[in-house]
Amino acid sequence: MFGLSELALILIVIVVLLGAKKLPELARSAGKAARILKSETKALKKEGDGDGGPTPGAGAGAGSASGSEAAASGRRVVTGTIVERNDPPARS
């Protein structure tokens with residue numbers, strides 16, 4: 001871990017490199033990012049605790065629930081076309 005003198009030196013280097021005018025903006029951005037991360041973490045924990053089962057997309061098969069069951073549980077069934085990746089892309 002860093003000691004107090006190392007942290008002070010790093011802070012001085014940051015002030016010199018970024019300048020005093022940019023520091024409030026940098027701190028604001030870091031605080032906003034921390035709040036977003038905290039809220040997303042709470043949402044994921046709440047989502048995982050709420051249904052007692054695995055979270056959506058955590059290995060549960062998409063075809064295991066019927067349409068009405070998927071809608072009731074908040075899961076979405078996505079239909080589409082399987083595209084083979086072995087063919088070179090078509091050029092127009």
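The entries below go from the overall fold to one helix and its surface.

**Entry 1, the fold.** I am working with a predicted model. I counted the secondary structure and got three helices and zero strands. Read along the sequence, the pattern is α-α-α.

I asked what share of the 92 residues is buried. Buried residues come to 1%, with the cut-off for buried set at under 20% relative accessible area.

I checked H1, which covers residues 4-18, for its length. Its 15 residues should span 21 Å at 1.5 Å a residue, and the end C-alpha atoms are 21 Å apart, so the two agree. Just after H1, I found Gly19 with a positive phi of about 85°.

Which residues form a nonpolar patch on the surface? I listed Phe2, Leu7, Leu9, Ile10, Val13, Ile14, Leu17, Leu18 and Leu26, with about 850 Å² of accessible area together. Helix H1 gives the largest share of this patch, seven residues. A reminder to myself: an α-helix has 3.6 residues a turn, so residues three or four places apart point the same way.

I picked Leu9, which sits in helix H1. Is Leu9 buried or exposed? Leu9 counts as exposed because its relative accessibility is 55%, and the cut-off for exposed is over 50%.

Methods. Residues numbered from 1 in each chain as written. Predicted model: local features only at pLDDT ≥ 70, side-chain atom pairs only at ≥ 80, totals over all residues. Heavy atoms only, no water. Patch = residues over 30% accessible without salt bridge, like charges linked within 9 Å, V, L, I, M, F, W, Y side chains within 5 Å. Areas by Shrake-Rupley, 256 points an atom, 1.4 Å probe, with all protein chains shown as cover. Salt bridge = Lys/Arg side-chain N within 4 Å of Asp/Glu carboxyl O. Helix = DSSP H or I, 4+ residues; strand = E, 2+ residues; numbered from the N terminus. Buried < 20%, exposed > 50% of the residue type's maximum accessible area, 1.4 Å probe, protein only. Expected span 1.5 Å × (residues − 1).
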